[in-house]
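This report describes selected features of one protein chain. Please view the sequence and the model together while reading.

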Amino acid sequence: MRRTGSSGRVAVLVGLALLASAPAWAAGLEFYQTVNREEVGSEDTFMLTIVTVDAPPDARVKPPSSDDFEILSSTRSAQRSVSWSGGGPAKIQEVTKYVLVMRANRAGRLTIPPAEMTVGGKTLRTDPVPISVKTGRLGPPAGQAQGGRQRLPDPFANFPSRLPDPFAEDAEDEPTIPRGDSDLFLRASLDRDSVVVGEQVTLSLFIYSRVDLNSVDSVTMPKLEGFWTEEVESPTQLSGEQKVVDGVPYRAYLLRRRAIFPVKAGTLTISPAEADITTGFLFAGHRVRRVSNGLKVKVAPLPPGAPPGMSNANVGSWRLSMDVSQTQVELGQPVTVKVILEGVGNVKNVTPPKLTGPASLKIYDPTTTDKVTPQRNRVQGRRVVEYLVMPQRTGTFTLPGLEFPFYDVRKGAYEVARTEPVTLTVEQGAGSATSTPTSPTHVADAANEQKNVLTTGGLRPVRYQARFVAPGVAPWKRGFFVPAMLAPVALLLGVAFVGGLRGKLANRTQGDQGRQQARAARKRLAEAEMLQAGGDVGAFYGEVEKALHGFLGARLGGPVNGLTREVIAERMSTAGVAPERRAQVLYVLEACDFGRYGGGGDAAARQKVMDAAAAAMEGWA
């Protein structure tokens with residue numbers, strides 16, 4: 001049977017001589033390869049399909065290999081087909097397909113080498129497949145979507161076209177697979193690359209991976225010179241989603257998403273981002289560094305015909321309103337006025353119009369609060385500017401309406417958001433003097449009146465009304481002065497007295513504790529005397545040694561257990577113990593060691609040690 005690779009013809013011809021000598025399984029054997037397109041771009045991917053029909057189980061297929069092409073991914077599938085013809089028996093075929101996603105490494109008229117299959121000690125080859133490669137990207141074949149699927153017809157193709165909605169969620173640029181790092185790469189993308197000054201562009205940074213990710217150790221975002229930026233999304237955990245890039249399946253992980261607003265016209269460049277990524281699991285991880293692609297944004301200036309007061313930041317869709325706490329107040333009571341600007345755009349960089357009013361209304365410096373709530377990757381929110389307005393006289397006054405010009409990218413035209421004027425009625429407060437018409441005399445008197453400031457209780461004079469009184473008695477002539485001067489000295493003397501008394505009490509307490517320990521040691525020696533006549537000689541000498549150690553510890557001001565006899569002798573000498581008593585102590589300690597480990601001697605020897613220990617404890621200075 002003859003099949004053709006690239007155009008549906010037979011890709012390999014099983015020779016007649018081979019068929020004549022082939023085993024039984026070779027009767028229905030087919031082996032060929034095809035491509036899904038005959039003309040591609042050097043940046044495009046295409047699919048090569050290798051097909052075997054009724055190949056034996058031990059058949060081994062080797063895909064074509066050439067420096068002109070790189071294989072991005074490969075999949076294998078098997079299926080069984082059953083057919084009937086002429087009422088005869090059913091014909092069953094085993095079909096195996098190997099699908100390779102490939103990309104050309106250079107432009108020109110290239111040839112895909114034959115695929116090979118080894119079976120029964122023989123090697124079969126398909127026909128080579130010619131393919132035309134042009135520089136750049138040609139995109140998918142006409143009438144086909146990515147992956148070779150037929151594109152559905154557009155039911156609205158005959159309707160009049162309309163401008164795209166800039167506030168809809170835009171699809172990000174389709175990434176391209178880099179050469180050399182096709183298993184793991186970093187890709188930056190924009191939702192649009194042609195905007196006007198002040199219009200939002202959404203920058204997204206993704207990791208595309210076909211290997212297991214352990215962690216992302218660091219991310220360096222690109223330098224965004226010429227842009228005002230606002231964070232939209234920054235995940236704290238890796239969460240991937242399945243994506244197919246040029247027919248190759250990947251797991252895509254979002255690292256950062258930012259809203260950027262160009263502040264000047266021209267072609268602005270976004271430098272590449274960088275990330276340190278660890279792949280694998282636990283101790284088998286491997287750290288790699290990946291660099292993303294650079295980007296460019298074409299920024300057009302705002303069209304001519306801008307209304308007065310228009311700023312480059314006033315781009316988007318905006319609504320302006322004014323909220324007044326009350327419109328009828330008493331003189332001396334403040335009024336709160338909020339100028340609210342809300343919509344879609346660069347919330348933190350827009351400037352709402354300034355509130356103005358007549359001279360009879362004093363307007364204090366405002367405070368500004370922002371609330372940004374990104375929705376569907378678009379930055380939106382509200383900016384509130386709050387003013388405190390203080391009426392200075394009674395009457396009816398008007399706060400003029402406000403205007404905020406902006407460029408609506410959805411309509412492609414300038415718009416002006418407006419508010420209505422607000423009328424304030426200021427009435428005389430209860431208990432206040434009746435307001436009189438202004439006259440020259442009244443104006444002169446008002447100039448001499450004290451200026452007022454605002455308090456929670458109303459207005460009060462800024463200057464304090466002082467009153468004169470007779471001078472009082474000097475402090476040093478008062479009765480409490482001398483005791484107050486002597487009190488610190490008396491307090492210091494009292495503290496010193498209490499400290500000395502506590503020291504004496506502490507020394508006395510330490511002395512009492514030493515005497516108590518000495519009495520306990522003598523009592524223990526008396527208990528050792530009860531063991532003298534017993535059969536346990538070691539227990540007798542051990543008790544005598546413990547009694548003497550306890551006594552020495554009480555008299556020398558510290559424990560002596562574990563010290564050598566030389567150190568004990570030195571401590572007794574330092575403490576001023578007489579030589580005769582030092583000799584008695586050392587004799588008892590040495591006799592106790594000999595008695596415990598050398599046999600213990602007779603009763604007379606034990607009595608001698610007992611007497612020497614008692615003599616060492618008696619009459620201690």
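This is a predicted model: local features need pLDDT of at least 70, side-chain atom pairs count only at pLDDT 80 or more; totals for chains, interfaces and linings use all residues.

Strands of a sheet pair through backbone hydrogen bonds, in either a parallel or an antiparallel manner. Here, strand β8 (residues 116-119) pairs with β9 in the antiparallel sense over four bridges. Within this region, Met117 stands opposite Leu124 in β9.

Asp54 is located in the loop between β3 (46-53) and β4. The phi angle of Asp54 is near 60 degrees, which is a positive value in a residue other than glycine.

## The nonpolar cores

The largest nonpolar core has 29 residues. Those with the most contacts inside this core are Trp318, Leu320, Val335, Val337, Phe404 and Leu424. Several strands each supply at least two residues of the core, among them β17 (248-262), β22 (316-324), β24 (335-345) and β31 (422-427).

Which residues is Leu424 in contact with, leaving aside its neighbours within four places in sequence? They are Val324, Gln326, Thr327, Val335, Leu361, Gly395, Thr396, Phe397 and Leu399.

A second, separate core has 27 residues, including Val537, Met572, Ala612 and Ala616.

Conventions:
Residues are numbered from 1 along each chain as its sequence is written. Side-chain values use heavy atoms; hydrogens and water are left out. Two strands pair if DSSP finds at least two bridges between them. A nonpolar core is a set of buried Ala, Val, Leu, Ile, Met, Phe, Trp, Tyr and Cys residues joined through side-chain atoms within 4.5 Å. Buried means under 20% relative accessible area, exposed over 50%, partly exposed in between (1.4 Å probe, protein chains only). Contact means heavy atoms within 4.5 Å.
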